[in-house]
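Trainee: I would like to go through this model with you. Please show it first.

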Amino acid sequence: MKKTFLINDLVWIVFAALVCYGGLKLGFGSFHQPHAGFMPFLSALVLGLLALVDLISGIVNQWKEEKGDKKIWADIHWGKLFLTLALLFIYTVLFNTLGFILATIPLLFFLYRLMEPRPWWIVFTASLVTTGLFYLGFKVGLDSQLPRGFLGF
Amino acid sequence: MKMKTNALLTGLTFMMTGGISAWAAEYPTRSINLVIQYPAGGSTDLTARALAIAAKKYLGQPVICENKAGGGGTVGVALVAAKPPDGYTLGIVTSSPAMAFHMGKLNFHPIGDLTPILRWGNYLFGITVRSDAQWKTLQELIQYVKQNPDKVSYGSPGVGTPPHLAMEELSMVADIKFTHIPSKGIAENNTALLGGHIDMVSDSSGWAPLVDAGKFRLLATWGEKRSDRYPQVPTFKEVGYDVVARSHLGVIGPKGIPKPIVAKLAEAFKKALDEPEFLSVMKKMDMPTYYLDTEGYEKYMRSDFENIGKLVQKLGLSKQ
Amino acid sequence: MELLNYLGMGFSVAFQPMNLFYCFLGVLIGTLVGVLPGLGPVAAMSLLLPATFHTTPVASIIMLAGIYYGAMYGGSTTSILVNIPGEAASVMTCLDGYQMARQGRAGPALGISAFGSFFAGTIGIIGMLLISIPLVNFALKFGPPEYFSLMILGLMVLTFLTSTSMVRALMMAAFGLIVGTMGLDNISGLARFTFHIPELLDGVGLVPVVMGLFGISEVLLNIELKIKREVFTTKVKGLLPTLDDWAKSIGSLLRGTVVGFFLGILPGGGAVIASFVSYAIEKRVSKHPEEFGKGAIEGVAAPEAANNAAAQGAFIPLLTLGIPSNVVMAMLLGALIIHGVTPGPLLLSQHPDLFWGVVASMYVGNAMLLALNLPLIGMWVQLLKVPYAILFPIIILFCLIGSYSINNSSTDVLIMLAFGVIGYLMKKLSLEAAPMVLAFVLGPMMETALRQALIKSKGSFSIFFTRPISATCLIIAIVLMIMPLLPWFRRRPGIVLEKEDVA
């Protein structure tokens, strides 16, 4: 049974229901004077109904046209994926505290090593160089405001 | 024991003041954002941008304008109110947030949650129709609306803006009914009027170029006296409807900006008011400069707030 | 012909050394701004506006205009190379352009994009000369009901021609509409779905969403694999479009230009809708529609021509009536007024040198952009030869810094990452991002148009059908919607639509 698409449609239905509720709380208004919840409610209603249609037709036809669960989720290196996401998340959160330079160097260090293992000193140099180039380009060239960390740079 | 605590507190206060002064002394160290609460190209936008450019000279850092329009000029102000009070995000404000507040549509206080910096201007509001419209004078228009209630539509820069409330007041005084179609600003209103999607526009002087070009007819202005640029156009007062639309126009920041920074900003903007380029743009929009310093502005905003409360109640628009 | 005289005057203005210089400066900055994420043409124009005070109004408008259409050129470059659209109008270019790059055909993609933009720009200028006034008057007839119906039609057209089921595509569009409602509501001032996060008061930004949905998700897809797979073919097949490419593209370029020009004149609509619609049209008229999405050169030629033609078209309401059709034009309006020139119906008669000078310099600017971009193709193609393992951290960093620098806000970066994950899941589930992005961009405008139309009609929906333009759009949309549903009951869902015999 192709669970992926089943779960997918269910998630959308639940999401749509939540947004409908939110829309009603904001106030639907009337067709004469639509209020803030008008658009969210209607869009979510459409989304939910469509997801339902998709779900039912999928069940009826047993998702013959879709790729199998195995094929979609095959050969995935979950570790790499989650590690990357975690790194990016942590980077963003610490970005302002550490400052651009201090935060970017370790990020790049990990990312460069992610796909293929390499000697650490090459990776370290590459991280420094890349960070430096970005710094030059964005801060000096474009005068973007890259944050200074607690160490002042 | 009390002495020690006193000493400690005094010491801390000195440190904080010292710290803030140091911060303020350096201020500004990078560019400042000015949020304009109406779309680009309108009267607020053009004059505010001119002001920002003039102020750069005295602040030493660029003042970068961005437009965040909507809600009759409240969205932009709401965004500014939510920013940190470090003096690097400022906004432009008019009477609109106070009007929205009394109508129950604002979830922050238009004076308490903001730091006034200074007042710099006044608007010219008026109503326009297309030059091929059947109404050549204000009286003709009002006559028509009396006989055809709800049939004439007008555009305004948003619910709770001075031109909108003025129309509401007019409707009450003259006992007539319009259909109100709010938009975000004068550019949208101009386009809609040109295309015939609305019958008239009540807004600030962004309609001037089209009036000058003969596409629009300026029926009346909402001021106390006639406008300098259009002396042949009557005011509503003259025609017999005692309605005046007024709005202050000033610079504000989020609540809690340290006083030294406010002082620096107020001084810079005050000097900017004398810059010839700024004045020429104001003249083009037929908007008079009107200076009030920080304290004076706050006092004015408070009294304006009271008056607006009474007006909104009179119009029956306050939140129940 | 009088027109030629004016054009001659325009060129003599455009070729003055100072104006040439400012033109070059503008298109150069514009290209950079388009390539680099985060900074948009509006921000760049805002920053440079004060710098133009020391020159004439003509020179400053020439430069600011150059930034605008230069950014259109630049935005396509990143779309093709790394699947990151420089701005909303370049989203469609990602679909086939990036695939072409992966097949080693980045050169031809970039080339057809540059030539196509130039072609569209040139024809657009001719259009400006000949049919500005009647076209603008037609555009003015578009009021709230017409806009609403047009946008519904636009959404329908796109969802109709995607490669997954229409139901899925419409679901994505609905999702896009919902995301578009986040933030402060324009008309009532209420905060919608902001979860008390102040940065969300202004809604979710387009740049983080697009970078996440397209850029980050693509990177995630490429690094998840256990088996090493070369993302970009190392064999580069040519730097310029081949004769065969040209033969295929010429029709697309023409159609894209026409569509783009007309849609660009409409205030508010412009380049985004133009690029989507032109792509959909190409797919519909093509003899091999299944190639779209896999590297069909027509899928690059048409949107590119469309978005540049739309950029030209957008100038018309500004220069003829003084009405800005989008934020960029509004900035130009402001610039003109600050310089003491009042745009409006009198502009042409009062400042003919400005009008014709700007028009002529657009041609010059387009030529400069072509000359600038073509040699760079070689450089860009070399860039892609770098192994993906080294390339992807740079792409990620590019996205991170780009989305941060819009508002100096980490929240934007988090939004981008969130949409990266969403985009990744969507790709896994064959849910398409393009309808979502289009709906996200159009949603707020659609909502305002809907509400204004309903206020005017006092709640009656008949207004959409009694006005001719609006009715036409809606009827076409309804027809498009019904057509595939009829055989649906007999067929299974998920059928790739181009296989159906849609009349």
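**Chains A and C**

Mentor: In chain A, the domain assignment, which is automatic or from a database, gives domain 1 (3-72) and domain 2 (78-142). This is a predicted model, in which local features need pLDDT of at least 70 and side-chain atom pairs count only at pLDDT 80 or more, while totals for chains, interfaces and linings use all residues. Residues are numbered from 1 along each chain as its sequence is written, and chains are lettered from A and ligands numbered from 1 in the order in which they are written.

Trainee: What distance separates the centres of domain 1 and domain 2 of chain A?

Mentor: The centres are taken over C-alpha atoms. Between domain 1 of chain A and domain 2 of chain A, the separation is 38 Å.

Trainee: Which helix of chain A supplies the largest share of the side that touches chain C?

Mentor: Contact requires C-beta atoms, placed from the backbone, within 7 Å; by that rule 55 residues of chain A are in contact with 47 residues of chain C. Helices here are DSSP runs of H or I with at least four residues, numbered from the N terminus. At least two residues of that side come from each of helix 1 (3-26), helix 2 (38-61), helix 4 (78-115) and helix 5 (120-142) of chain A. The largest share, 15 residues, belongs to helix 4 of chain A.

Trainee: What radius of gyration does chain C have?

Mentor: The globule rule is 2.2 Å times the number of residues to the power 0.38, and the radius is taken over C-alpha atoms. For 503 residues, a compact globule would be near 23 Å, which agrees with the value for chain C, 22 Å.

Technical notes: Two residues are in contact if their C-beta atoms, placed from the backbone, lie within 7 Å.
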